[in-house]
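Here's a quick tour of the disulfides in this one. Have the viewer open and follow along.

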Amino acid sequence: MARPPRHAGRTSVLWLLALASLCTEPVALAATGSPTAACPMAGNGHNVSFDGRLFVVTRGPADPTGGWHLMVLRPERIQYGPLGIPRLDTGAFTEPRLIQPWEHGENALALCEPDADRTPYRCDDAGNPSDPGPFDCYDFWVLDSNAFADQYNGLRRRPLRVWISSPRTADAALHRWEWRGAHEPVRNGAAADLRGIEPTVTRDGRLLVWQGHPANDGQIDVLMYATNDAPCGAGAWDGPHVISHLHNDPRARGRYRLSERQLRGADGASYADGAIFRGAYPWLFPNGDALSFTATTVPCRGTEDPPGCGPRRGALSVIGYPTNWGLAHIDGAVNPTTTDQVRLFFSSPGPTTFAQIPVTGGTDVWPFFGSNTANYTEISFDDALDGNYAGVWHMNESVTLSGDLDRTRTPDTSGYFNTATLHGASFPDANDGLFGKSIHFGGDGDWVEVAPSSSLNPVNALSVELWIRPDAPVDCDGANNYRVLLGKGNIGGAYSLVLEEGERFQARVLVGGVQRSVVSDRAIPVGVWSHVGFTYDGASGQLRFFVDGNPAGSADGAPGPLDGSPDALTIGGPGGAQPACPNGNGSFLGAIDEVRISRIARDLTFAPRPGNHARFVSQDVPLRVPTGATFRTSFTLRNVGTTAWGTGTQHRLGSQMPMDGTTWGTGRIDLPRRVQPGEAVTIVADVRAPAMEGTFAMQWQMVQEGAEWFGESTAPLSIEVADDAPPPPPPPPPPPPPMDGGTPPPPPPPPPPPPPPPPGSDGAVPPPASDAAVPPPGTDAAAPPTGDAGATPPPANPPGSGHVDGGCSAAGGSQPRFGSTLLLGLLSLGLTMLARRRRSTSR
């Protein structure tokens, strides 16, 4: 049989790879906590050094070794488990060493570094600077309070030096420590003791926050602060002040981002200057950019039921730049329940300190350690930083300005504060969604309502997406049944989404006074979480539907901007009482989570589920090679999970055929760079053919070492190895080494959050066209109307609509991009062509 010509049968289409490399609109992940992992750094009060490697944690007084214990974090020893969750129980922490017995009520503390830029420094055994020296030395002022001396709660400081052997390696350990002085009180400029508990301090040592009271008399439950020109100083602190005063304090404004704007509640209402700000267990982001704290009390069902109930130990929250200076009650596993567990003392080594953590992808993700909960979690703050969201509802509870849990409302974390109000719908006590809390709807009149806002009237483009879990089929009798999932003015308004009989969908948008619709061609199962959404691009007139990341229907019309609506937005129903089995317009029965509305047409082929997930896109491999030859291969995969891939987190491409084998000279291929969720990556490798003739299998799959194999494998190949095969062309220079093998570079500074919509901009809009122009819910739509062919081109997006992404951008962030649906369609077509070609050449 004649041999195919040189490189015939190669599974390569260059235009296919070129398309795979195109940038698509980035996807911001939820501002939620990741799944948690057990952490041996357990106790009560704790804090972390600013380089993230030393933790001091309180144990006792019931513990016979009660007091302060020091533990060294060795990120080099972090391993990973299912979903890519870091494992910290395999030597990542050294055993706790008691450095201060329980004598003076040692509990919560702050590690203040008087010269953070030179901490740690190389030193000898006497603590003298020595480069090179065998140790890393840390000089701290340890700030705490005498919280158990009749609750005087006076803040104080004491100097501590710590020596670490084999520093910054997998063998790092505590060598020794030395208390270098006695306690002394921390006082203000009037020589009055600053009184309170749970101090936390910025890296520069000049901003101090604690739980105290404006009366400065030992009372607590209010977040207070003071500033100082002398880092970690004993005296001359300017304070105490309630943190609601920060924005008006010339000593803080311009120095700390937390003070850039007036602090606001979860609903956007401002705290007045000096107003009481309830909170406990504060932790300052190192540069004073934001503050985490517990925002609400945990009610007691009985004596110590749940354990630790009563004080303000619930709703771990954040306020500052990542939340548009609004109070954000964090959704997700970091807040697993509102009734059964208390949350105390969380701190972080920072988002870019180590290559091994965090593993969660996103623009701004922080790893957090909890001491009383003995856990580790990661929190993403991408919502308000994205710049193109009009509303993001994680469907968890809100928190009031007075520090109470509000079960009647759910906050919007997009930066626009479009708070939603529950009508009949309810929250579960414990997390039951894929990412945290969800809202439950009873099917007979429950709904969630968002007041009219111009920010919810996108003009150029629109994306609507949510996770839903229907609890029963829609079809309940012989009539036309459908359920309203979301509507801006119900199904005749600006845009809407309904769940049809057969668990399919219809989406509508209003353009030029005419309604356009698309009916999905995919159904979803009952009792299972599914991701659904649709997009409209005003520049192209394209309306697209997606189910679980798969294209599920489309409709094309003339380009044109979206019409707005002065009506409220409803979720889960049209509003008002509805029959449980409606003939027509009805309310949803089930749960809804993670609702997002965007001012751009997002790439909804990315519907991430928690953890490691991969989708195979394409590959470029010759099917006939000489024996023993080295030849180049490439494989393109897409990250469709929430975990970022990188060599620092031990993600690689691994051999599946043969499993872990070295038929091709290696069983692992490193990644060329860190791969964020939603991104595709082309992995290039030079492999070596066997030294004997024959036909050999090749297939690869993503693996996180020690954790799991995951995602779709590459398409299986049978490669002929022959002595007389023509040699492959010489490979180009090898790719550069992975970018994240060491400490990752710091991310670019996040853009400012979107500005609030201008007041009075919710003007009237043209009335909707007759429903006769659009197929009614429950029917299959024909081709939608084309709209107004002479419509005015859509204006540019408003200021503040820029976005953060993983390396691609459009000028101004407002122009439409190459459609991701077309991209995937072309990829699919190309792969089909390649499969046919392989079959034809193997006969």
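Which pattern do the disulfides of the protein chain follow, with bonded cysteines counted along the chain? The pattern is 1-4, 2-3, 5-6, 7-8.

## Ground rules

This is a predicted model, where local features need pLDDT of at least 70, side-chain atom pairs count only at pLDDT 80 or more, and totals for chains, interfaces and linings use all residues. Residues are numbered from 1 along each chain as its sequence is written, and side-chain values use heavy atoms, with hydrogens and water left out.

A disulfide here is a pair of cysteine sulfur atoms within 2.5 Å. By that rule you get four disulfides.

Cys112 and Cys232 are joined with an S to S distance of 2.0 Å. The torsion about their S-S bond is about -90 degrees, so this disulfide is left-handed. Cys112 sits in strand β9 (residues 110–112) and Cys232 in the loop between β17 (222–227) and β18 (238–242), so the link ties together parts 120 residues apart in sequence. Strands are DSSP runs (E, at least two residues), numbered from the N terminus.

Cys123 bonds to Cys137 at 2.1 Å, S to S. Their torsion is about 80 degrees, so the disulfide is right-handed.

## A partly exposed pair

Cys476 and Cys581 also form a disulfide, S to S 2.0 Å, right-handed with 100 degrees about the S-S bond. The two cysteines are 105 residues apart. Partly exposed means between the buried limit of 20% and the exposed one of 50%; Cys476 qualifies at 37% and Cys581 at 28%.

Conventions: Helices (H or I, at least four residues) and strands (E, at least two) are DSSP runs, numbered from the N terminus. Buried means under 20% relative accessible area, exposed over 50%, partly exposed in between (1.4 Å probe, protein chains only).
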